[in-house]
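Q: Please take a close look at a single part of this structure. The part in question is shown below.
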Amino acid sequence: GAPSAAAASSSSPVLRRYYSSESTPERKVAVLGAAGGIGQPLALLMKLNPLVSKLSLYDIAGTPGVAADVGHINTRSEVSGYAGEDQLRQALEGCDLVIIPAGVPRKPGMTRDDLFNINAGIVQSLCTAIAKYCPHALVNMISNPVNSTVPIAAEVFKKARTYDEKRLFGVTTLDVVRAKTFYAGKANVPVAKVNVPVVGGHAGITILPLFSQVTPSANLADEDIKALTKRTQDGGTEVVEAKAGKGSATLSMAYAGALFADACLKGLNGVPDVVECSYVQSSITELPFFASKVRLGKNGVEEVLGLGPLSDFEKEGLEALKPELKSSIEKGIKFANQS
Ligand code: NAD
Ligand code: LMR
């Protein structure tokens with residue numbers, strides 16, 4: 001029989017306009033760091049995304065192989081691999097969206113901030129190239145420490161006079177993915193139905209899941225909410241320790257990165273009501289960058305949504321995270337302005 005999706009789209013002009021392949025706009029997406037642990041599975045997932053028409057895979061080395069491999073998959077996008085800085089221009093020109101998972105990952109015992117010294121410079125140089133070659137692209141920053149790399153990117157773009165706060169995103173989707181998974185397990189509800197905002201930043205206590213707003217609500221005990229909060233905050237460390245020196249989350253991160261990139265592309269294409277949590281320039285607290293729910297649209301950020309009502313536990317968490325997040329932001333800004 002006829003698949004139900006086809007039936008739905010032929011009965012709905014709205015769905016047909018957004019999802020039929022004839023009218024899907026051309027979109028070039030680049031992954032910078034595409035030969036890495038996140039980069040490779042992210043390249044695979046973006047190759048599966050029908051909203052992408054050109055997939056540009058850049059790394060300092062190894063991308064011809066990844067591109068040849070992924071390029072054999074019979075989906076819409078045309079794949080190109082670029083290796084080394086002299087190919088960065090070609091990789092970036094014409095991009096609508098640039099996803100950045102370039103940089104070193106943690107080993108056990110390290111904080112994300114311990115990655116600052118290496119990754120700050122990598123992000124700075126990649127963002128300098130973005131400002132030159134695709135200043136209007138949306139940027140999805142995955143490289144850690146996200147709390148600082150996003151402010152670095154903003155400063156680089158400001159210096160180049162290309163900064164548009166609507167186009168710069170720190171990817172915190174993995175925190176949401178984890179909060180949903182952990183909650184569903186504890187509350188014994190279907191994970192696909194779970195929705196929960198995660199706000200603040202992307203490191204330790206700066207990650208603040210708002211389980212008071214979770215749906216479906218299961219009225220968990222306070223101790224359970226505390227334990228779920230801690231597990232979400234330490235989710236990255238859980239993976240780093242389990243991998244025991246072989247890096248940090250790559251597969252779940254690729255999934256989360258692909259989910260967020262898809263939301264950005266839907267927003268660009270005019271799909272209404274696309275809302276995801278992301279770490280963006282913000283005025284919902286006194287901090288200049290903050291993760292919260294964001295409505296995505298044709299220009300990137302359409303609206304930064306407020307926090308909504310918080311429990312006392314969440315209010316305490318919010319106050320506790322502010323000093324650390326503030327200093328990570330300032331560290332990024334200082335780095336970008338002294339080098
Ligand atoms: P990895 O070492 O496996 O891969 C990183 C890749 O970046 C490598 O292929 C490397 O060659 C490349 N690279 C280095 N310098 C580059 C440059 N100048 N230009 C282009 N590419 C460059 O690491 P990974 O596991 O993929 O993690 C990458 C980053 O993502 C780390 O900083 C990690 O902490 C971060 N991360 C963030 C989240 C998040 O939720 N935001 C989740 C997981 C990992
Ligand atoms: C994560 O949350 O998995 C990433 O930020 C990687 C890490 O270092 O924990």
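Is Asn144 buried or exposed, and why?

A: Asn144 counts as buried because it has 27 C-beta neighbours inside 10 Å. A residue is called buried if 20 or more other C-beta atoms lie within 10 Å of its own, exposed if 12 or fewer, and partly exposed in between, with C-beta atoms placed from the backbone. This is a predicted model, in which local features need pLDDT of at least 70 and side-chain atom pairs count only at pLDDT 80 or more, while totals for chains, interfaces and linings use all residues. Residues are numbered from 1 along each chain as its sequence is written, and chains are lettered from A and ligands numbered from 1 in the order in which they are written.

Asn144 sits in the loop between strand S5 (138-141) and helix H7 (146-159); helices (H or I, at least four residues) and strands (E, at least two) are DSSP runs, numbered from the N terminus. Leaving aside residues up to four places away in sequence, Asn144 touches Gly103, Arg112, Leu115, Asn119 and Thr149, where contact means C-beta atoms, placed from the backbone, within 7 Å.

Arg106 lies in the loop between strand S4 (97-100) and helix H6 (116-133). Arg106 counts as buried too, with 22 C-beta neighbours inside 10 Å. Among the residues that Arg106 touches are Arg112 and Leu115.

Arg106, Arg112 and Asn144 are among the residues that surround ligand 2, each having its C-beta atom, placed from the backbone, within 6 Å of the molecule. Helix H10 (residues 235-243) gives the largest share of this shell, four residues.

Terms used: Contact = placed C-beta atoms within 7 Å.
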